[in-house]
Amino acid sequence: MNPYNYLYVAGLLFTIGAIGVVVRRNAIVVFMCIELMLNAANLTLVTFARINGTLEGQVTAFFTMVVAACEVVVGLAIIVTIYRSRRSASIDDASLLKR
Amino acid sequence: MNALTLLGLLPLLGALLVSVIPNDQVIRIKQAALATTLLVALSAILMWFNFDAANTSYQFVQVAEWIPSFGINYAVGVDGLSLVLILLSVLLTPIVVLAGWNESEGGRWSAKVFYILILVLETMMIGVFAATDVFLFYVFFEAMLIPVYFLIGGYGSGERAAAAVKFLLYSLFGGLLMLASIIGLFVISSKNGGATFDITKLSEMHNYMSSTTQNLLFLGFFIAFAIKAPVWPLHTWLPDAAASATPGTSVLLLGVLDKVGTFGMIRFCLSLFPDASKTFTPIILVFAVISIVYGAFLAIGARDIKRLIAYTSISHFGFITMGIFAMTTQGHSGATLYMFNHGFSTAALFLVAGWMISRRKSSTIADFGGLQRVTPVMAWSFFIAGMSSLALPGLSSFVSEFLVLVGTFTRYPVAAVIATFGIVLAALYILIPVQKALHGPTTPGNENLADLNLREKIAIGPVLAVIIALGFYPAPLLNVINPASAHVIESQGFSDPLPSEGAGK
Amino acid sequence: MVTSNSLVYLIALPLLGATILLLAGRRADKWGHILATLMSASSFAVGLYQLSAMLGRSTEERAISQKLFSWINVASFQVDAGLLLDQLSICFVLLITGVGTLIHVYSISYMAHDENRRRFFAYLNLFVAAMLLLVLGDSYLNLYVGWEGVGLASYLLIGFWNQKPAYATASKKAFVMNRIGDMGLSFAIMIAFATLGTVSFVGVKEASHNASQTALTAIGIMLLVAATGKSAQFPLQAWLGDAMAGPTPVSALIHAATMVTAGVYLIVRSNFIFDAAPTAQLLVVIVGAITLLFGALVGTAKDDIKKALAASTMSQIGYMVLGAGLGPAGYAFAIMHLLTHGFFKAGMFLGAGSVMHGMNDTVDMRKYGALRKFMPITFVTFGLGYLAIIGVPPFAGFYSKDLIIETAFNAGGAKGIILGGAALLGAAITAFYMSRVMILTFTSPQRWDEDAHPHESPILMWLPMAILAIGSVTSGFLFARGDALAHWLQPVFGEHGAEHSEEHLFSPIVVSAMALVAVAIGVAIAVIKYQLSEVAATAPENVSIFTRIARKDLLQDSFNEAVFMRPGQALTRVLVKGDDVVIDGAVRGIGRTALGAGSALRTSQTGFARSYAALILIGAIALIAGIWVVTQ
């Protein structure tokens, strides 16, 4: 199969993720869209590793996964905390960064 | 250990000593600081005696690797020019400590911090003049700002914080331009025979630069120095800083730190970029002449005595800059001697003005009046310092000012002629405050001002003695300066203009 | 040249005196005046010794020099601290120390009640030292040191009573106007170094033989500027009248006998330059002629006895400058007039001081009158000086002034007639205003206030006056007899010195006769106007416009104020304002711009995470698009 097709899928996934981040308000959904983008990047890395016949891309993909896992832990914790204190998971409500 | 490095370390050791004295023993702190600075001054004088004036290369040299991957060394050494400036720095520091015995009071922090800052500053001053590695020079050049910033902002008066920030931003701006030029030099040197920051090796690099590159790098250095010196129109930080700082800090600021600017013009601008220097000479002379006249007019119009002294300095720095770029031995020697003499005459003016202000609790000239009758010794000290500032023959500044004028006249008569008008303006800007503050009837409220006490007399005495002695016998300094000046002129490919007629015909 | 190592004592003694008195402070109050007088007198003694030694040598070896040390030595600019004593400088040395010592003696009594007498004597000694340096320096730069040194002493002494703001202003004015002249001297030295490569008298003299006329003319004109400043010549004359704020002995010593004649010394000393630069020489005579009339006219309108004498000094120095500008024929006569003037003018100033001393320090001559009876010695000594200045034979001024008038007439052509006519007219006016001073003070009916008790001054004051009066009587005859002074000075002026103009417009007898007629007319007018008619005790107000202008010193101050002072002050104000608004404003503007930009951009930070994300996305897309476009 033409490996470039994987890249098209990755591009599609990334676009969906990016649009999701910008358009959706719910923090959980935004979070999942970020994961989508990360995985799109992972897919690209693996694909290029395949195309070039080297291992670096795959190794990097593992790194990304680890980082993504950590991020999920921290991120979900923050979201849950915010939800507990504000009864809302909308990220537009949490605009305290302004001050 | 190398004598020069030792000299530079001494004040740091003193600072260490001061830092272990308990905070409440203020007298001990002051004594320790004074003893250290005196020791440094004595050591420097010893060095002066051991200096071989006939030898134009660097002496007391020490080179040690610092950051080898960039070719950066700890490299120090002195020639006639830097020796004179180091002498100036270390002679003025103990006088400043003694004269400003109570300056640390009323500051934001303790006396201990004040003296540590002064001592650290002294190390920096020695380092900046002694460095023969451009990167090391830059480090000292910038690091020097830190103690001065805290001295102005922490111990000054009036809008001290604003003045300190203004001073810092101005200097940093120039420093960054210089850093860019230094990186440029580094790139060029690494392409041509290995990365180095050694001033002697770098002075060969102009052969590998296009004229545009050279001009740009020159400007980076020159603007930094023109801010330091200060040359019109980059001068506005000086009056604010001088008016807000304590008198002692002002002495170090105007007397020594600003000299880094004019020193740098000779040491770096001229020797690293000889062709660019020639290109820019006419413009720089114009700015120098404007500084002379402009500073004088502003001094005439000044109402605050500290600002007045700052403006006179702008005028004097114009003379120094003019002498440097006139490219004659007389101009150069005159400019170097002027740096030394200006240090002393400004020190005298500032110290006496400081005492006047601390007694009267005002720095407005019009608030004084008739001091000659109330406080004769103080009035006389101010008068002699003022006479030195207006370059009265027989006092030290005259020798240097006249050398600058004569040296400039032989190559650039128009600039010298305009600058000479400055001597009439000088008479005005000194005699107006003399008349207002010292002469006339005693202004009410001044009848009981105290004259100088013994400590103050001991502080001002040597300064006035140097001013008078060097006026009659400048040879001890000129002998050191002349070979260095002749060397610079020669290495720039210049020779003094011959008399246009007479002997040759 | 013969070298000596005793010249330095001439200067060192008074300098030592000044230093001791200034450093010792109040401790020296008791003996300060005596020490200062002794120092001045011993300097005079050294001068006499040098004169006798000089007389003992042959003409060629009379000039002696002393090199003290190398002063400024930078590459080709070499100036030694060196002294030169020749026939010209010995005249000055003796005048300065001689008259100086007499005035020291006079001041002991005159200043007896001033609590700062010690300081006064310190300044006097400082002045004597500086003035000696001026005339003994062997190069223009050494002369410059003395030149500004006497300026400093003059500043200190004019402002001796500087608690009065007007006096403080007068001293400042004198210093600043002198500085303008000093600038001329600076230029002269710079031009000399740039063109001739040396600034010593000997070196410049040698080099001037080969130098172009342009260079020499430039140097000459600049030297003339210097001379006009120091000698209160047109157009830098305005300070002298105000300088009378100083104590009267100062006016006698500095502003009559010695310092103000330094300009004449400078011109005569630079004879080799002026001889080779006719244009500069012409300017010298023009300045001299204008000033001698200017001073004389001002003198006619002054009621202040010291200001009248000051105007007279200005006028008499005009004669000297005129003489010096007439070239080799006139140098010796200029110096002769300078020396005789030193005697009679110093004597008259001391006389004026004596009158003021007896009249509660009143200086208004309209409040004097009939003092002849109360102050006989002052009257006689002043009168002898008066006869000398108006040029009655055989008193000193007759010889010296007559010779200048004669030389002026002999300058040739229209120039000679104009200059001679001006000098003659000046002589007539001099006779008028000096007679006016004499009559108003001594012979007219008394007009003093009730509380005045005129009395003769003590011996310490009248003795110097008497000695100077003897000089006023005899010096002219002694100098002129057999051209004694001209022969003595001739080696200084080189071979030109002996050259006398062959063509005489008028024979000496005719000139003398004309001068005497002019003097007689002047005296007669004064007698009719003041002796034979009533004099008001206050100056009349309804006088002609000319009198009013003359009272205001021919508007010299109004002119300076309108042309220099006020525009200068306006410029200063504009620059001070401009520095704050424009230059510092620009700097502050940069700061404000940064702050403003910050607060403007701050509003874009909404705090909405999604808008940040959108911005990041847009940025990334823009970046990729940019790269794509560039690499395409």
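**Exercise 1.** In which hand of crossing does α13(C) pass α18(C)? Describe the packing of the two helices in this predicted model.

*Solution.* Two packed helices are described by the angle between their axes and the distance between the axes. Helix α13 of chain C spans residues 278-301, and helix α18 of chain C spans residues 413-443. Their axes lie 9 Å apart, at an angle of about 20°. Angles under 35 degrees count as roughly parallel, and α13(C) and α18(C) are therefore roughly parallel to each other. The crossing is left-handed.

The next step is to inspect the contact. On the side of α13(C), the residues include C:Val285, C:Ala289 and C:Leu292; those they meet in α18(C) include C:Leu419, C:Ala422 and C:Phe432. By class, this contact of α13(C) with α18(C) comprises 13 nonpolar, four polar and no charged residues.

**Exercise 2.** Characterise the side of chain C that touches chain B.

*Solution.* Begin with the extent: 47 residues of chain C are in contact with 46 residues of chain B. Next, assign elements. β2 (64-74), α5 (140-158), α6 (165-196) and α23 (556-602) of chain C each supply at least two residues of this side, and α6(C) gives the most, with 16 residues. Finally, classify: the side has 27 nonpolar, 14 polar and six charged residues.

**Exercise 3.** Identify the residues that touch the most other members of the largest nonpolar core.

*Solution.* This core has 425 residues, and among those touching the most other members are B:Val352, C:Phe127 and C:Ala188. The element that gives the most to this core is α6(C), with 18 residues. A second, separate core of seven residues includes A:Val21, A:Phe31, A:Cys33 and A:Ile91.

Key:
Residues are numbered from 1 along each chain as its sequence is written. Chains are lettered from A and ligands numbered from 1 in the order in which they are written. This is a predicted model: local features need pLDDT of at least 70, side-chain atom pairs count only at pLDDT 80 or more; totals for chains, interfaces and linings use all residues. Two residues are in contact if their C-beta atoms, placed from the backbone, lie within 7 Å. Helices (H or I, at least four residues) and strands (E, at least two) are DSSP runs, numbered from the N terminus. Ala, Val, Leu, Ile, Met, Phe, Trp, Tyr, Cys and Pro count as nonpolar, Asp, Glu, Lys and Arg as charged, and the others, Gly among them, as polar. Axes are lines fitted to C-alpha atoms, for helices over the stretch in contact, and angles run from 0 to 180 degrees between N-to-C directions. Angles under 35 degrees count as roughly parallel, over 145 as roughly antiparallel, 65 to 115 as roughly perpendicular and the rest as oblique. A crossing is left-handed if the near helix is turned anticlockwise from the far one by less than a right angle, and right-handed if clockwise. A nonpolar core is a set of buried Ala, Val, Leu, Ile, Met, Phe, Trp, Tyr and Cys residues joined through C-beta atoms within 7 Å. A residue is buried if 20 or more other C-beta atoms lie within 10 Å of its own, exposed if 12 or fewer, and partly exposed in between; C-beta atoms are placed from the backbone.
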